[in-house]
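Please view the sequence and the structure below before reading on.

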Amino acid sequence: PAMSPSSHHGGAHGWDASGAPTPMHKRLDGKVAIVTGGARGIGEAIVRLFVKHGAKVVIADIDEAAGEALAASLGPHVAFVRCDVSVEEDVERAVDRAVSRHGRLDVFCNNAGILGRQTRAAKSILSFDAGEFDRVLRVNALGTALGMKHAGRAMVSRRCGSIVSVASVAGVLGGLGPHAYTASKHAIVGLTKNAACELGAHGIRVNCVSPFGVATPMLINAWRQGHDASAADDADADIDLDIAVPSDQEVEKMEEVVRSLATLKGSTLRPRDIAEAVLFLASDDSRYVSGHNLVVDGGVTTSRNLIG
Ligand code: NAD
């Protein structure tokens with residue numbers, strides 16, 4: 001008989017004897033994953049989807065309250081560790097925690113990221129602040145590199161593993177974010193290619209996902225400031241100020257803006273859509289994909305819609 005999909009996937013579950021998919025294909029069954037920035041937004045959606053697909057997950061985030069609460073709500077296979085991805089010891093500790101608790105690490109998702117200050121002065125190449133530039137690069141670019149370093153070290157001995165980072169459409173096109181953010185996201189796409197070259201020799205895959213606008217606290221903070229003239233000029237306005245739960249109205253408005261730019265009409269980009277792309281790259285379903293940047297943007301980067 002013809003090779004069944006399960007034998008093709010090295011014995012993964014999800015297909016019955018006739019080759020038909022079973023109702024719930026748990027694509028990370030028994031695997032151990034770390035998700036940075038997993039306490040809210042896109043990271044939270046990734047954590048939830050990973051758990052649904054049978055993974056044991058460690059949430060690594062600076063937001064202890066939200067991270068602990070999410071972990072507690074998802075049961076015994078989810079733990080929280082306080083981790084600032086720009087601090088090497090923190091990243092190392094998060095990896096150690098997953099390995100000591102579960103014996104190994106299969107998936108590392110570099111999702112934590114910050115947008116940086118949104119004031120007009122801060123956003124201009126003619127007046128940006130070097131300290132703020134450094135802060136954004138430390139979290140987004142160095143944080144991602146540190147994740148690759150320590151996840152890679154934990155994975156090499158087993159000769160397998162998948163590292164998936166969340167870059168951005170701002171890592172592909174210019175003009176979509178502050179300079180430091182754009183630079184940091186281009187850095188993630190570059191790091192992904194470089195690390196894939198090196199770690200491929202050890203059987204480890206390295207990829208990234210580039211979302212367009214998703215109505216998370218990050219984007220709604222930015223949008224609020226863009227629509228608040230006083231905030232836009234206030235040198236002290238802080239983009240990182242927390243909106244744990246944006247209002248439904250703000251989410252709807254934001255989604256409307258994103259929909260108007262997407263080429264693909266009739267649906268809305270949600271955190272879950274980004275999580276599905278990350279899941280694909282994390283799981284063995286993408287076993288021969290490495291060094292890739294999977295853009296999830298409703299066709300924006302391949303259309304002229306952004307320039308109207
Ligand atoms: P968010 O601000 O809603 O959530 C980010 C999470 O990361 C929070 O839980 C926060 O506590 C955590 N975090 C921030 N700094 C950290 C640090 N130093 N160490 C550990 N955790 C930290 O943002 P989001 O929209 O969910 O963004 C997630 C990722 O997706 C980011 O890398 C972002 O750049 C990227 N992204 C978002 C969009 C979008 O439209 N929302 C688009 C493209 C890319």
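Which of the 29 residues around the ligand come nearest? They are G37, G41, G113, T216 and M218, where a residue counts as near if its C-beta atom, placed from the backbone, lies within 6 Å of the molecule. The model is predicted, so local features need pLDDT of at least 70 and side-chain atom pairs count only at pLDDT 80 or more, while totals for chains, interfaces and linings use all residues. Residues are numbered from 1 along each chain as its sequence is written.

The table divides two groups of residues by class (nonpolar: Ala, Val, Leu, Ile, Met, Phe, Trp, Tyr, Cys and Pro; charged: Asp, Glu, Lys and Arg; polar: the others, Gly among them).

| Contact of α6 with α7 | 14 residues | four residues | two residues |

N111 lies in the loop between β4 (107-110) and α5 (120-123); helices (H or I, at least four residues) and strands (E, at least two) are DSSP runs, numbered from the N terminus. N111 is buried, because 30 other C-beta atoms lie within 10 Å and the cut-off is 20 or more, with C-beta atoms placed from the backbone. The C-alpha atoms of N111 and D61 are separated by 9.8 Å, although the two residues are 50 apart along the chain.

The axes of α6 and α7 (residues 179-199), lines fitted to C-alpha atoms over the stretch in contact, come within 9 Å and cross at roughly 15°. The helices are therefore roughly parallel, a term for angles under 35 degrees.

Technical notes. Buried ≥ 20, exposed ≤ 12 C-beta atoms within 10 Å, placed from the backbone. Axes fitted to C-alpha atoms, helices over the stretch in contact; angles between N-to-C directions. Parallel < 35°, antiparallel > 145°, perpendicular 65-115°, else oblique.
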